[in-house]
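We'll go through some helix packing and then a bit of sheet.

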Amino acid sequence: MSPSRTAQRTVRDVVFVDGVRTPFGKAGDKGIYAGTRADDLVVKCIRELMRRNPSLPAERVDEVAIAATTQTGDQGLTIGRTAALLAGLPRTVPGFAIDRMCAGAMTAVTTTASGIGFGAYDVVIAGGVEHMGNHPMGAGADPNPRFMSERLVDPAALNMGNTAENLHDRFPAITKERADAYAASSQAKLAAAYAEGQIQGDLVPVATMKPGQGWTVHSVDEPPRPGTTVEDLAGLRTPFRAHGRVTAGNAAGLNDGATVALLAAEDTAGELGLPVKMRMVSYAFAGVEPEVMGIGPVPATEKALKNAGLDITDIGLFEINEAFAVQVLSFLDHFGIADDDPRVNRYGGAIAVGHPLASSGVRLMTQLARQFEQDPSVRYGITTMCIGLGMGATVIWENPHHADYGATSTTESTSEVGAAA
């Protein structure tokens, strides 16, 4: 009779090794990626990620998870697997596609990170893409008629701009003037970050070809409008409601782009000589009323903080996706944070740089990682975003450059085991 065996029970720390993205473009015929395939944008990112980390053997990648909100055409066919093959990774590397609307890339990260913590993976590639020029938001969708006939959700829930107007209704203190002031600040902060060279290091140049124009190499984001003032924004029309408060100036635009991150178990990163830019502390997703989906980051953050044994006062940096200015301001008001708090979106946000839906979660992470490197005084940071149909997502990260990095309390250690498992 053979001796009995006991299966290993392993929970490991997960680290963010590196992240890259394409420059973001404006969706539409005049955008920089008109005529470019979405999957080719992802392939560019994967190849650049591997080039930047030469100590990682390609065969050590255990999974490729790529998100897209509209999973058809050049964003279909299980894009995680197809992108891995197109990028030249070994055929032994599996891949899959994932969708959680705006939080697609963030969910790709948390899902594969859970696999690392559980011991199923050592190294993964996770990211997202959205070519909103090729696939307009909601194209091909067929909402079940029960949503309306049984009043499961307010009709406004199916239009993100209307949900932002509803958020203004719910919080009258968030005026259009406040939203416009926040939007102008986002543009100014992104312009300053570009001037200081804080954005360019994470961008993958992309060459595109258009008939009659030849080849063009794109190395900067297309959407930003540096120099935008509150006065410029004041007169913009409110397309979702007459005399409303949401405009093209205080909301993210329609954009194309891709992002990819490299995650690893902390011990594997050490074994392979990979850099550690952040350590995942906890994450959480939460549901809210679909008609006010922008409030989703609030309960998601409260849940993530509870899982980590932390308080909002422990957070030294916030990367909040700016789908709408009102959505960010509702988060700040809830936690008692000033509109111009220097901890919030130091390099600007989606109002300025763009929001190619499923790709944006990793952009938040790459920007937070760079800020961690620039500011070792900060120990914990948050990446958070709202999600269509009434959800929120938050990931808490630890700065490896902080003096107390790795010194975990019993409460935090226990909570991380639960979050990872």
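**Helix H1 against helix H2**

The axes of helix H1 (residues 38-52) and helix H2 (residues 79-86) come within 9 Å, crossing at roughly 60°. That angle makes H1 oblique to H2. Keep in mind that this is a predicted model.

- As for handedness, H1 passes H2 in a right-handed crossing.
- On the H1 side, the contact is made by Asp39, Val42, Val43, Ile46 and Arg47. Over on H2, the residues that meet them are Ile79, Ala83, Ala84 and Leu86.
- Sort the residues of this H1 and H2 contact by type and you get seven nonpolar, two charged and no polar.

**Helix H5 against helix H10**

- Here's another helix pair to look at: H5 (residues 160-170) and H10 (residues 325-334) have axes that come within 9 Å and cross at roughly 40°.
- H5 and H10 are therefore oblique to each other, and their crossing is left-handed.
- Zoom in on the contact and you'll find Ala164, Leu167 and His168 from H5 meeting Val326, Gln327 and Ser330 from H10.
- The residues of the H5 and H10 contact split into three nonpolar and three polar, with no charged ones.

**Strand E11: burial and faces**

- Is strand E11 (residues 380-387) buried or exposed? Eight of its eight residues are buried, so E11 is largely enclosed by the rest of the structure.
- In a regular strand, side chains alternate between the two faces of the sheet.
- In E11, Tyr380, Ile382, Thr384 and Cys386 point one way. Gly381, Thr383, Met385 and Ile387 point the other way, and the residues in both sets are all buried.

**Strand E11: its partners**

- With strand E10 (residues 315-320), E11 pairs in the parallel sense over five bridges. If you'd like a landmark for that pairing, isoleucine 320 has threonine 384 in E11 as its bridge partner.
- With strand E12 (residues 391-398), E11 pairs in the antiparallel sense over eight bridges. A handy landmark here is methionine 385, whose bridge partner in E12 is alanine 393.
- E11 and E12 form a hairpin with three residues between the strands.

Key: Residues numbered from 1 in each chain as written. Predicted model: local features only at pLDDT ≥ 70, side-chain atom pairs only at ≥ 80, totals over all residues. Heavy atoms only, no water. Axes fitted to C-alpha atoms, helices over the stretch in contact; angles between N-to-C directions. Helix = DSSP H or I, 4+ residues; strand = E, 2+ residues; numbered from the N terminus. Parallel < 35°, antiparallel > 145°, perpendicular 65-115°, else oblique. Left-handed = near helix turned anticlockwise from the far one by under 90°. Contact = heavy atoms within 4.5 Å. Nonpolar A, V, L, I, M, F, W, Y, C, P; charged D, E, K, R; others polar. Buried < 20%, exposed > 50% of the residue type's maximum accessible area, 1.4 Å probe, protein only. Pairing = 2+ DSSP bridges.
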